[in-house]
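Let's take a walk through this protein together, with the sequence and the 3D view side by side. Have a look around first, and then follow along.

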Amino acid sequence: RYVDTHAATLLAPRPTRGKQRGSLMSMFGQSDATAREADMEVSTFGDELSSISWLPVLVDPPESYLPWDASQTSVVARSDAVRPLGDLWLASSSSRILDGQVQDQSLTRVFGWHKPVNLYALVTQLGALGALDSSSEMSYRQTMALAVPTLYRSIDTALASPAPDAADDGASEAALEALREQPCI
């Protein structure tokens with residue numbers, strides 16, 4: 001909560017010595033270098049913040065029939081292993097879920113949560129939902145009627161969007177191949 005509330009201050013570039021020296025340094029191009037240094041400082045801080053396990057995460061599934069990795073018992077995790085609560089039904093089987101809310105947009109960017117859930121995680125979620133053996137229960141059917149269409153829309157969007165980089169070219173095929181090997185809804 002503290003980091004979210006104070007993200008603007010924590011992620012803002014701090015004045016550097018070059019700026020305190022006055023306009024003489026700006027005549028020699030120091031202001032550009034100082035700006036790059038400040039950007040690098042914020043980026044480094046974000047990288048460090050993302051590399052440590054400190055985000056509070058849910059340990060137990062908050063809803064019935066939600067795919068969940070029960071072997072994950074730590075109450076904190078790194079941001080690259082966590083998704084926000086809004087992605088609960090899209091990624092609970094492959095990611096930890098944040099126990100709380102992050103409102104600050106710059107913080108969600110630092111953590112990578114502004115990007116949609118990746119295709120592999122979506123396919124893993126679909127397979128995990130398909131593996132549940134509760135299809136005869138009415139509450140299960142009602143839950144799936146809400147969760148599955150959203151999941152399929154997200155998969156459709158991920159398949160339609162171009163791969164973010166050349167290294168990800170085979171990701172769609174690999175994810176779809178993984179789907180062929182498991183039950184689905």
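**Starting from an arginine**

Keep in mind as we go that the model is a predicted one. Is Arg83 buried or exposed? Its relative accessible area is 10%, and since buried means under 20%, Arg83 counts as buried. The side chain of Arg83 reaches out to the backbone oxygen of Lys115, at 2.9 Å. Neighbours within four places in sequence aside, the contacts of Arg83 include Ala91, Ser95, Arg96, Ile97 and Leu98, and also Gly112, Trp113, Pro116 and Val117.

Ring pairs join Trp113 with Trp54 and Phe111 into a cluster, and the protein has three aromatic pairs by the rule used here. A pair of aromatic rings is described by how far apart the centres are and by the angle of the planes. For Phe111 and Trp113, the ring centres are 4.8 Å apart and the planes stand at 50°, so this pair is tilted. Both Phe111 and Trp113 are buried.

Now for the nonpolar cores. The largest one has 24 residues, and Trp89, Leu122, Met144 and Leu151 have the most contacts inside it. Helices H6 (88-91), H8 (119-131), H9 (138-160) and H10 (171-180) each supply at least two residues of this core. Which of the helices gives the most to this core? That is H9, with seven residues. Pick out Leu122 and, leaving aside neighbours within four places in sequence, you will find it in contact with Leu90, Val117, Leu151, Ser154, Ile155 and Ala158. A second, separate core has 10 residues, among them Leu49, Val57, Val102 and Phe111.

Tyr65 has a positive phi of about 65°, although it is not a glycine. With a relative accessible area of 18%, Tyr65 is buried.

Finally, a word on confidence. The protein averages a pLDDT of 78, and 69% of the residues score at least 70. Among its elements, strand S4 (residues 96-97) has the highest mean pLDDT, 97, while helix H4 (residues 23-27) has the lowest, 39. Over residues 17-30 pLDDT stays under 50, and the model has six contacts beyond four places in sequence for them.

Terms used
Residues numbered from 1 in each chain as written. Predicted model: local features only at pLDDT ≥ 70, side-chain atom pairs only at ≥ 80, totals over all residues. Heavy atoms only, no water. Core = buried A, V, L, I, M, F, W, Y, C linked by side-chain atoms within 4.5 Å. Buried < 20%, exposed > 50% of the residue type's maximum accessible area, 1.4 Å probe, protein only. Helix = DSSP H or I, 4+ residues; strand = E, 2+ residues; numbered from the N terminus. Contact = heavy atoms within 4.5 Å. Phe/Tyr/Trp six-rings, centres within 6.5 Å; stacked < 30°, edge-to-face > 60°. pLDDT = per-residue confidence, 0-100. Polar contact = N/O pair within 3.5 Å; in protein donor to acceptor, adjacent residues only side chain to side chain.
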